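Open the model in your viewer and keep the selection panel at hand. We will go stop by stop.

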Amino acid sequence: MSDIAERVKKIVIDHLGVDAEKVSEGASFIDDLGADSLDTVELVMAFEEEFGVEIPDDAADSILTVGDAVKFIEKAQA
Amino acid sequence: MRRVVITGTGMVSPLGCGTEVSWSRLLAGGNAARKVTEFEVEDLPAKIACRIPFGDGFDGTFHADDWMEPKEQRKVDPFITYAMAAADMALADAGWKPESDEDQIATGVLIGSGIGGLEGIVEGGYTLRDKGPRRLSPFFIPGRLINLASGQVSIRHKLRGPNHSVVTACSTGAHAIGDASRLIALGDADVMVAGGTESPICRISLAGFAACKALSTQHNDDPQRASRPYDADRDGFVMGEGAGIVILEELEHAKARGAKIYAEVVGYGLSGDAFHITAPSEDGDGAYRCMQMALKRAGLTAADVDYINAHGTSTMADTIELGAVERLVGDSASRISMSSTKSAIGHLLGAAGAVEAIFSALAIRDNVAPPTLNLDNPSVETKIDLVPHVARKREINVALSNSFGFGGTNASLVLRRYKAD
């Protein structure tokens, strides 16, 4: 896993209080990790803070899984 | 109107996590006041408070993780966590776990708070100022709103009846229990989870209450002497924190399931001083009318009252309340015991009336009046027994609990020992 993926994973574990093994690349925040719509808003804010990127609302709406978040951040930082 | 009884209690108090541990420590003369060490107080006029005993959950300590997952605690101010804990305890104590649609819809929640998530609002303000609106958490609002204590409790336990809240400063807890009792009496619910919760011990709150001259500031070096209702050396209240929750239940509903009954809620009075934003009127008329209304509703007279849990905050207002009580009870003064449990746990603001109503119910159950600590030198003479220093064993069948709040809002509850007809 890349450094970005590791950091994303850690944020997800901390914010959603889930076990590390559940946080796979394909895991959906809402369907697999028990988040609600407000949790996902907070997650996106945490990603913005951690990586110093801005994630506009329309982009945030398409970040549904751990992998989606990693891809967006890698692209934003490239 | 239908009759209403208390069938469960739960409490997080400065004397402990749990009703029985708080009660036994209260009767033993426990005193929760101490210097605040969790944040900077050196520049504050009041440096002391009655904090709940945080710990691992053993020996009466409060371990928040036992009551709410850490990730959920992060989203709310502690007043919600305290309410969740006390509500869990109260429902378990009552043995009430509604599972059918009918039972869930017949059970409501009415939990209030005086000031809610003050500390979280301050933090949110800093975030907005320093980092901008995009950094404000989506949980900022739902974690601070006062009625979210009722909301969170209802969600956890699937209680789908009336969902309500009260905000009447230091009368909140008493108003919540009184109003919830009415909802049951009128048939809008069969069971209500009711009470008050507060987590006010933070810098802005200590600074704000000191600014309006409400807090004790002369006993910072000797915290356990600071809360001294009726004593000549009193100089303000000591802030407390916690939650008190009762399960109120329609009498026949409680009997049908064989629930234990602590006491019956027989009277509830409300009044307004229409006088001053923080001070009661000198003649104590608002307090007098409030108690009188509660007794009238109960179908009792002042001569029936055995114990009064006073509002008694350890401020100058103590003697105004005492005067109102003397006017109410007249010749019965010498048979009444009246104490302020704020001498032991401080002033829990919006939770005070609920915690004190529970203490009043337990005073009836155990026939004992809890003590008024630090009452070395009463500032006025009275025939009423103010229960100085040590608890008093005595017959208690009727208890009256007073709560008076900023804005001149008054509430009195009358509880009576339950007797089968």
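This is a predicted model: local features need pLDDT of at least 70, side-chain atom pairs count only at pLDDT 80 or more; totals for chains, interfaces and linings use all residues.

Residues are numbered from 1 along each chain as its sequence is written, chains are lettered from A and ligands numbered from 1 in the order in which they are written, and side-chain values use heavy atoms, with hydrogens and water left out.

**Confidence**

Chain B averages 97, and 100% of its residues score at least 70. For the complex, the predictor gives an ipTM of 0.88 and a pTM of 0.96.

**Stop 1: an aromatic cluster**

Ring pairs link F54(B), F62(B) and Y82(B) into a cluster. Rings of Phe, Tyr and Trp (its six-membered ring) pair if their centres lie within 6.5 Å; planes under 30 degrees apart count as stacked, over 60 as edge-to-face and the rest as tilted. The structure holds six aromatic pairs over all chains. In one of them, the rings of F54(B) and F62(B) have centres 6.3 Å apart and planes at 70°, so this pair is edge-to-face. F54(B) is partly exposed, at 44% relative accessible area.

The rings of F62(B) and Y82(B) are also edge-to-face, because their planes meet at 90°, with centres 5.5 Å apart. This pair links distant parts of the chain, 20 residues apart. F62(B) sits in the loop between strand 4 (48-50) and helix 2 (70-73) of chain B, and Y82(B) in helix 3 (residues 78-94). Helices (H or I, at least four residues) and strands (E, at least two) are DSSP runs, numbered from the N terminus. Both F62(B) and Y82(B) are buried.

**Stop 2: a charge over a ring**

Go to Y288(B) and show R327(B). R327(B) lies over the face of Y288(B), 3.6 Å from the ring centre. A charge sits over a ring if NZ of Lys or CZ of Arg is within 6 Å of the ring centre and within 35 degrees of the ring normal.

**Stop 3: the annotated cysteine**

Select C170(B). An unreviewed UniProt entry annotates C170(B) as "active site". UniProt positions are given in the numbering used here, feature names are shortened, and annotations may be inferred rather than shown by experiment. C170(B) is in the loop between strand 6 (163-164) and helix 7 (172-185) of chain B. C170(B) counts as buried, at 7% relative accessibility.

Which residues touch C170(B), leaving aside its neighbours within four places in sequence? They are H311(B), H347(B), L349(B), S403(B), F404(B) and G405(B). Contact means heavy atoms within 4.5 Å.

**Stop 4: T9(B)**

Move to strand 1 (residues 4-13) of chain B, the place of T9(B). T9(B) is buried, with 4% relative accessible area. Its side chain makes a polar contact of 3.0 Å with the side chain of T19(B). A polar contact is a pair of N or O atoms within 3.5 Å; within protein, one must be able to donate a hydrogen and the other to accept it, and residues adjacent in sequence count only if both atoms are side-chain atoms. Beyond four places in sequence, the contacts of T9(B) include M89(B), D93(B) and Y262(B).

**Stop 5: R144(B) and helix 6**

Select R144(B), in the loop between helix 5 (118-131) and helix 6 of chain B. R144(B) is buried, at 14% relative accessible area. Show D77(B) too: the two side chains make a polar contact of 2.6 Å.

Step on to helix 6 (residues 148-157) of chain B. Seven of its ten residues are buried. Among them are L148(B), Q152(B) and V153(B). The cover over the buried residues includes helix 3, strand 5 (107-112), strand 6 and strand 7 (191-198) of chain B. Just after helix 6, K158(B) takes a positive phi of about 55°.

**Stop 6: chain A**

Select residues 2-77 of chain A, which UniProt lists as "domain: Carrier". The span is 61% helix and 0% strand, and its end C-alpha atoms lie 13 Å apart.

Finish on V8(A), in helix 1 (residues 3-16) of chain A. V8(A) counts as buried, at 0% relative accessibility. Leaving aside neighbours within four places in sequence, V8(A) is in contact with F47(A), F51(A), V66(A), A69(A), V70(A) and I73(A).

Note on methods:
Buried means under 20% relative accessible area, exposed over 50%, partly exposed in between (1.4 Å probe, protein chains only). pLDDT is the predictor's confidence in each residue, from 0 to 100.
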